Amino acid sequence: MSETWHGTQLPEPNPMGFGGWLRGLARGLLLAGLVFGGLIILLLVRMVERPICGLRRPVTPHITQFVCRTAFFVLGMGYQVIGAPMKGPGAVVANHASWLDIFALNARKRIYFVAKAEVAGWPGIGWLARATGTVFIKRDKREATAQITIFRERLSAGHKLLFFPEGTSTDGRRVMPFKPTLFAAFFDPALIETLALQPVTLVYHAPEGQDARFYGWWGDMEFAPHLLSTLCARRQGAVTVIYHDPVAVRDFVNRKALAAHAEQAVRAGLTTHGGAEIN
């Protein structure tokens, strides 16, 4: 993310209690075993898949999808899908509310995230991101040509590339303006005629009795306490993933028009299914 959103006061931490710590420990061990066990299997399969298929990944994305879908079962969170993911390669854009977004978006359809280059060096997360095929880019105009080449190669391999156009995560109760600069690569002559884009809305429903922003991860929140709070919760809420109709990039006059359409669709999904405040 290029910047951090600090829009609302952080919620008060919930008391864990002895039972909460036990739940957190049990869920944490299961989730860690699921994620890292799946990663080991993925890396072993990729050793065979890479020399045979190159950029194409006919097998390993199914492992990622299984891990992410099972993660919600481990957490005890509900998971609902509205609409259908588009078929074929293309770009996907979604609002960004939490680290849980990675699981929610991968659980239904096999996609590949586009992240800033710095993420590759983050402990743990960077390793997982590289293993699952994340595309790392430098947000520098001088890198634009190289980035378009990378996008073209990945799309040609049948990949769906996912962007977070807000550039930051929020409390999950609003959608920040989409940055049109992130859509510029879609209008490259090599991509514009064939590229489709699908907006997706993530709506988080807090556990009963909890702050509506329970699953949001923003501002100065540290990852470990937020993860622990989620693991220890006595009751869990749910997430709804809403797939809007895909559109053809060539039908829009420029990146600003495309960004505005995608933002409007994502906002409408959040308002209709989450009753959230939006900007």
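Helices (H or I, at least four residues) and strands (E, at least two) are DSSP runs, numbered from the N terminus.

## Model and confidence

This is a predicted model, in which local features need pLDDT of at least 70 and side-chain atom pairs count only at pLDDT 80 or more, while totals for chains, interfaces and linings use all residues. Residues are numbered from 1 along each chain as its sequence is written, and side-chain values use heavy atoms, with hydrogens and water left out.

The chain has a mean pLDDT (the predictor's confidence in each residue, from 0 to 100) of 88, and 92% of its residues reach 70 or more. Among the elements, the lowest mean pLDDT, 80, belongs to helix 4 (residues 125-131), and the highest, 97, to strand 7.

## Nonpolar cores

A nonpolar core is a set of buried Ala, Val, Leu, Ile, Met, Phe, Trp, Tyr and Cys residues joined through side-chain atoms within 4.5 Å. Buried means under 20% relative accessible area, exposed over 50%, and partly exposed in between (1.4 Å probe, protein chains only). The largest such core has 38 residues, and Leu 31, Phe 72, Met 77, Ala 104, Leu 105 and Tyr 204 have the most contacts inside it. At least two of its residues come from each of helix 1 (17-53), helix 2 (60-75), strand 2 (90-94), helix 3 (100-108), strand 6 (196-205) and strand 7 (238-243). The top contributor is helix 2, with 6 residues. A second, separate core has 32 residues, among them Ile 148, Phe 178, Phe 252 and Leu 270.

Contact means heavy atoms within 4.5 Å. Beyond its neighbours within four places in sequence, Leu 105 is in contact with Ala 94, Ile 111, Phe 113, Leu 162, Phe 164, Val 200, Leu 202 and Tyr 243.

Gln 65 is in helix 2 and is buried, because its relative accessible area is 17%. Its side chain makes a polar contact of 3.1 Å with that of Arg 110; such a contact is a pair of N or O atoms within 3.5 Å, and within protein one must be able to donate a hydrogen and the other to accept it, while residues adjacent in sequence count only if both atoms are side-chain atoms.

Leu 197 lies in strand 6 and is buried at 0% relative accessibility. Its C-alpha atom is separated by 23 Å from that of Gly 274, 77 residues apart along the chain.

## Strand 3

Strand 3 (residues 112-116) is largely enclosed by the rest of the structure, because 5 of its 5 residues are buried. Two strands pair if DSSP finds at least two bridges between them. Strand 3 runs parallel to strand 5 (residues 160-163), joined by 2 bridges, and Tyr 112 has Leu 161 as its bridge partner there. Strand 3 also pairs with strand 4 (residues 135-137) in the parallel sense, over 3 bridges, where Lys 116 is partnered with Ile 137.
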